[in-house]
Amino acid sequence: MSALIEFREVCRYYQMGDNVVTAADHVTFSIEKGEFVAIVGHSGSGKSTCMNIIGCLDVPTAGEYLLNGRNVGELDKNELAEIRNEMLGFIFQQYNLLPKLNLLENVEVPLMYAGVSKRERKKRAKEALESVGLGDKLKNLPSQLSGGQQQRVSIARALVGKPSVILADEPTGALDSNTGREVLELLKSLNNEGHTVVLITHDNEIASKANRMIRLKDGRVVYDGVALSPEELVKANRESEVS
Amino acid sequence: MGIGESFSLAIKNILSSKMRSFLTMLGIIIGVSAVIAIAGMGNGMKTFVKDTFSNIGTNMLQVYIFDDGTGTKSVSIDQIYDIVEKHKDELAGVSPYVGINGVVKYGTESSETTTVGGVSEDYFTIEVLELSEGRKLQYMDMKNRQQVCLIGAYLAKEWFNGSPIGEEISIAGYPFTVVGVIKQTGDSEPRARTNDDRVIIPYSTAAAINGSRQVSQFFLTSQPEVSTERARVSLENELLDILGDKDWFYVSSMAEMLKEMDSMISVVSTVLTIIAAISLLVGGIGIMNIMLVSVTERTREIGIRKALGAKERYIMQQFVIEAGVTSGLGGVIGILFGFLLSAGATALIKSLLQTQMTIVPALESVMMAFGISVFIGVLFGYLPAKKAARLNPIDALHFD
């Protein structure tokens, strides 16, 4: 059986004026169903590019990206939109909730585009919000919530469509460390329930909460293995320099 | 995502910024209400003209004989009567008409506005003139050039307190005895060429006052079952036989005049409506402008929606419907405003011009104005919607 996410020599080049910038340089890895993987790197390492490609917001310039066995590079815009809707749940650093819609309506949005009936939508959105502990705030607007609560709404929105992959882009970036930890715990428990979680972050501390870590640097994979804590990482780096 | 969903979303968005939505609609509101009021005014004018003509009778024909000064070109009253006799299946009645340019006086008072005309006893079969008291003019009045007259309700009221029979007035210096009063048809104000402010005398007397035995104007009516146009052709042919040239006379028919006025009013009101419709176009451009701004403002929202699986079609649908709903709503407000405007204009015309012209917005112009405003909204919403739909989700998500 093939992996859920499979990058085969994925390259992504951008035209910046006269220069061609290489954002992803022959990136190869695969993620199995049920994994909790962190993609780590500094800014400019190519992790955002990888996240965009995994999230089907972008397609590789060269190489292949297979999502559940389908070659994403061959799909048109509508098919990409369908895949995003059905297979991916996004969690953003800035939450990206729609400010004019209440929590229930926000969580309903992916289901609306999936063509789920209004009644079914309301029911599922309510359940999703209850599962992240916001069942009592269904009619509130996002602006009436704290950052941590808003992020939980966006997690509920990511979950509601029962996606194959939950893609979290710096989900704790805008939160204080306590609420950040809570959000990570929530992601971890989702993983324990069987969800595949891909976490994109620049923070080693946060990445170490995942089970597996893929480190990117200058658009290349420099480490792919067990998630290491920052201390272990320093040690590992030192060893690699010695050898 | 269904159309209904897009509608409720659109209404939500419109209501969330009421002031802006209203300003966006303003162009459409003004355009639609102007179109409705102007088209209604055209309608009102047509009705008004038709009503006015129906007093006179659309089967009336007027003959004008042009005098070359030598008196050689003329049609005698007998000749006209012969024509009517000859074509009695087409022509019903005839009366000479002799206008007098003289001031009407009673004692020291005089009326400048009063129209004085000399007619025969048959005139009363041509124009519907009812008397409130006294008698009509008779054959003997013609024959003997009697100095008798009928007066309008205005003079009767103003000079004689409503009982003028037997009183004497002076017309162009000649004394005339009042034998009848024409029933009031208007508001009894001193205004030329109205039934309330006129004096009718025997045509023979009028011709004598003018010092000419020739009559240059005749009023005729066609038989009701015959088309006025056919009667007119027969009349023209006969006159051509007598006078030898078409340049010496002119026959005008009320039906034709009504038709001409009708088409003239149509042209004028169409032109005005088109001008008003231009403001609809401008309103549409206003909508496009605001929608473009709105797309930019909502770039992030569009990015989020796309990331969550919205296809281009859905984004497009959302924006087009929003534009359509905005302009449609503007259209509805414009229609209401147009009706108010029409009512206001009717009242204004009534008080300023003392006429009974009612501005009636026609159903078809209301429907058309609404249809056009929705169409314009959708048309001008298309471009911004396309722009929104084509946004790259990655760029849109990182837009601040």
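Is Asp218(A) buried or exposed? The legends below take up this residue and several other sites. The model is predicted: local features need pLDDT of at least 70, side-chain atom pairs count only at pLDDT 80 or more, and totals for chains, interfaces and linings use all residues. Residues are numbered from 1 along each chain as its sequence is written, chains are lettered from A and ligands numbered from 1 in the order in which they are written, and side-chain values use heavy atoms, with hydrogens and water left out.

**View 1. Asp218(A) sits in a loop of chain A.** The loop runs between strand 9 (212-217) and strand 10 (220-226). Strands are DSSP runs of E, at least two residues long; helices are runs of H or I, at least four residues long; both are numbered from the N terminus. Asp218(A) has 58% relative accessibility, so it counts as exposed. The cut-offs are these: buried is under 20% relative accessible area, exposed is over 50%, and partly exposed is in between (1.4 Å probe, protein chains only). Asp218(A) is not a glycine, yet its phi is positive, about 50 degrees.

**View 2. Four strands of chain A form an open sheet.** Their order is 2-1-4-5, and the pairing is antiparallel. Two strands pair if DSSP finds at least two bridges between them. Strand 2 (19-31) and strand 5 (70-71) stand at the edges, each with a single partner strand, so one side of each has no neighbour in the sheet. Strands of a sheet pair through backbone hydrogen bonds, either parallel or antiparallel.

**View 3. Strand 1 of chain A pairs with strand 2 of chain A.** Nine bridges join them in the antiparallel sense. Glu6(A) has Ser30(A) in strand 2 as its bridge partner. Two residues lie between the strands of this hairpin, where Gly17(A) takes a positive phi near 65 degrees. Strand 2 also holds His26(A). His26(A) is not a glycine, but it has a positive phi of about 50 degrees. Its relative accessibility is 43%, so His26(A) counts as partly exposed.

**View 4. Strand 4 of chain A pairs with strand 1 and with strand 5.** Strand 1 (residues 5-16) and strand 4 (residues 62-67) run antiparallel and share five bridges. Arg8(A) stands opposite Glu64(A). Cys11(A) has Ala62(A) as its bridge partner. Strand 4 and strand 5 are antiparallel too, with two bridges. Here Leu66(A) stands opposite Asn71(A). Two residues lie between the strands of this hairpin, and Asn68(A) takes a positive phi near 55 degrees.

**View 5. Thr273(B) belongs to helix 9 of chain B.** This helix covers residues 254-297. With 15% relative accessibility, Thr273(B) counts as buried. Leaving aside residues up to four places away in sequence, Thr273(B) touches Val35(B), Ile38(B) and Ala39(B). Contact means heavy atoms within 4.5 Å.

View 6. Chain B has 13 helices and twelve strands. Its radius of gyration is 33 Å, well over the 21 Å that the globule rule gives for 400 residues, so chain B is more spread out than a compact globule. That radius is taken over C-alpha atoms, and the rule is 2.2 Å times the number of residues to the power 0.38. Along the principal axes, the C-alpha atoms fill a box of roughly 105 × 50 × 35 Å. Buried residues make up 48% of the 400 residues.
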